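Here is a short briefing on one protein model. Look over the sequence and the structure first, then read on.

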Amino acid sequence: MLLSPQQPITLTLTVRGRVENGAICGSLQNESFETGQIKRNAAPLTAEQNAAAMANIKEKLSSMVGQTACDALRIENGKLVKAGVVDGVGIALPAKPVRWISSLDGYRVAPAS
């Protein structure tokens, strides 16, 4: 995930997923922050910098730990979209356009240039 559109900083967290009723679901857990990786300009932070940043992110996202989020893919108006819901949030998140890409396509997570 791109943390800021103005800076080339990315965050990678690993979350176990499962399929429920045709949706892809997962729950952010404390362990996700222990293995999380932050990169600046595509280069990993030092271990110390990463640990400090992950502790800060963990604190800010603590209310999300244990909450299940689910995304379902569907076709709307001829376009592939994903729509999601999160436990404890009383609204369904709006559908967002998506498309399948290959790592060979040359895409990367970075600010728009």
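Is E20 buried, partly exposed or exposed? E20 counts as partly exposed, because its relative accessibility is 32%; buried means under 20% relative accessible area, exposed over 50%, and partly exposed lies in between (1.4 Å probe, protein chains only).

This is a predicted model, where local features need pLDDT of at least 70, side-chain atom pairs count only at pLDDT 80 or more, and totals for chains, interfaces and linings use all residues. Residues are numbered from 1 along each chain as its sequence is written, and side-chain values use heavy atoms, with hydrogens and water left out.

**Salt bridges**

- The count comes to three salt bridges, each a side-chain nitrogen of Lys or Arg within 4 Å of a carboxyl oxygen of Asp or Glu.
- E20 pairs with R18, and their closest N and O atoms are 2.6 Å apart. R18 is partly exposed, at 35% relative accessible area.
- K82 and D71 form a salt bridge at 3.4 Å, N to O. K82 lies in strand β8 (residues 79-86) and D71 in strand β7 (residues 68-76), so the pair ties together parts that are 11 residues apart in sequence. Helices (H or I, at least four residues) and strands (E, at least two) are DSSP runs, numbered from the N terminus.
- K82 is partly exposed at 29% relative accessibility, and D71 is partly exposed at 30%.
- E76 and R74 meet in a salt bridge at 2.6 Å, N to O. E76 is partly exposed at 31%, and R74 is partly exposed at 39%.

**Nonpolar core**

- The largest nonpolar core has eight residues: I9, L11, L28, F33, I38, L45, M54 and I57.
- F33 is in contact (heavy atoms within 4.5 Å) with L13, L28, M54, I57, K58, L61 and V65, leaving aside neighbours within four places in sequence.
- In soluble globular proteins, nonpolar side chains tend to be buried together.

**Helix α2**

- N50, M54 and I57 are buried in α2. They cover an arc of only 60° around the axis, so they sit on the same side of α2. The arc is that of the directions from the helix axis to the C-beta atoms.
- The buried residues of α2 pack against β2, α1 (30-34) and β5 (37-40).
- The face turned away from the buried side of α2 carries the exposed residues E48, A52 and E59.

Key
A nonpolar core is a set of buried Ala, Val, Leu, Ile, Met, Phe, Trp, Tyr and Cys residues joined through side-chain atoms within 4.5 Å.
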